[in-house]
Amino acid sequence: MTDKIKVGDFLIVQRQKYTKLQKFNNLNTIVNLGKDQVELRLAENHSYHTTFHLVPKQERGKRIYTLDALSTPSEIRNLKELLIKESGNDNRNIIDDRQSQALSTEEILKLREECESSSEVIGKLVENSKSFATKTEYSQEKYLKRKEKKYFEYITIRRPSIRLLADIYWRLDPEKVLGVRFDTLSQIISYSGVCSVGNYLLYESGTNGLLPAAMLNAIGAETGGKLVHLHPGNVAQKQALLAMAYPAEQEARCVSVNIYSVLRHFYQTKADATNGKEAAAEEVNDVAVVTADEPAIVEEKEEFNGTSKRKLEETDEGAQGTEAKQIKLDKQKQSWELENETAASIMEEKFDSLVIVAKEHPYSILKALLPFVKPSRPIVIFSTSREILTECYVDMKTEASVTYLRVTSNWMRQYQILPNRTHPDVTMSGSSGYLLTGYTIGN
């Protein structure tokens, strides 16, 4: 993993508080930020967390920008210091009649084309505002922030992280991550006890790869921990996993398989092994019987010695042919079959925790996966519905297979921290689902 921006990387493009996940597919990649189009060509080989100035291209009718890296972030101008020279005591005499701005819409659009920087545009707007000087300092700051958000000409390119990805997915559509907010994600990782050693089992039915990426991040690089990621579809959702760009050896320790396919493979292999042992035991018994009767048929063996030798040679040739066919079949195995075998081998060792984040009712999934969890290990089930987890709670209590059961819910609220203006954010999400946690009981 390098500290330089390369073609093929996933990038987090940040413009003030707005963030967007973008793949840098090739040098012609363009990221759309609202109505603005930004060419990423000149970002290649710059360090992550570099701040770039948006330089407009002279294409009429289109807002296309190229990038110019800033040597120091201090080059960004402080509009508050530049434009706030005098302020009023209060806003009681300000009348909102939409006549305070002397410039028309056409003139403002012309300014955007003519001015080299956003600070010049905002400066012109302030100069032509009749009410700006009479506003309080707080109102002036709010006005400048609003205009700066609209005309801001700097972006920062950051490396993807679990926190940034979780915030982006949640802002776009909470249902894309099954309603798992970042604070709930941290609780899932904490309750499941994921660390650098052990085997961990995860079932999730569509979080854009956020859950496996977070658990693999907790396991870490160059460790002994392994993750089996079960999903219900043909192909696992892995966008977040790919965006994190983990080292190859770390990615190899996350095996993504279809839940139905791997369970069928596991139990079929187990049944075949059992049948093989029984057949081997029967063969041993037959050999013992033949050995006991051997003195009686010594003469017959001597008479047909030549025939037996030919048969033995034919049998050897047949065995060699069977082995060659088996090797050919092994070469022809598809990737999902190899992944099933890898996952099944880890399942035989059993797991140190179980995490279920599902759209479906989780109880049947829990019943199928619980036998693969070691005794005294944590289980964590997430759902957006409290009633579903309550049903699981009652059933698990009845079966006495899990102890120390708890149903919890997170309630998080962000605060604005400013001098004399500290208060909770006006808009917030009410709930981020519920967690059912407990510990397995040994048989």
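Keep in mind that the model is predicted.

Let's start with the sheet. Seven strands make up an open sheet with mixed pairing, and they line up in the order β2-β1-β7-β5-β6-β4-β3. At the edges you'll find β2 (18-23) and β3 (30-33); each has a single partner strand, so one side of each is left without a neighbour in the sheet. On average, neighbouring strands here are turned by 35 degrees against each other, ignoring direction.

Strand β3 runs antiparallel to β4 (residues 36-39), and 4 bridges join the two. Isoleucine 30, for instance, has glutamate 39 in β4 as its bridge partner.

Helix α5 (residues 162-172) lies across β1 (10-15), β2 and β7 (154-158). Against β2, α5 runs at about 100 degrees.

Then there's helix α4, covering residues 137-151. Several residues of α4 are buried, among them Ser139, Tyr143, Leu144 and Tyr151. The buried set also includes Gln140, Glu141 and Glu148.

| Residue | Relative accessible area | State |
|---|---|---|
| Cysteine 195 | 33% | partly exposed |
| Cysteine 392 | 0% | buried |

How many disulfides does a search of the whole structure find? The count comes out at 0.

Terms used. Residues are numbered from 1 along each chain as its sequence is written. This is a predicted model: local features need pLDDT of at least 70, side-chain atom pairs count only at pLDDT 80 or more; totals for chains, interfaces and linings use all residues. Side-chain values use heavy atoms; hydrogens and water are left out. A disulfide is a pair of cysteine sulfur atoms within 2.5 Å. Buried means under 20% relative accessible area, exposed over 50%, partly exposed in between (1.4 Å probe, protein chains only). The expected span of a helix is 1.5 Å times one less than its number of residues. Two strands pair if DSSP finds at least two bridges between them. Axes are lines fitted to C-alpha atoms, for helices over the stretch in contact, and angles run from 0 to 180 degrees between N-to-C directions. Contact means heavy atoms within 4.5 Å.
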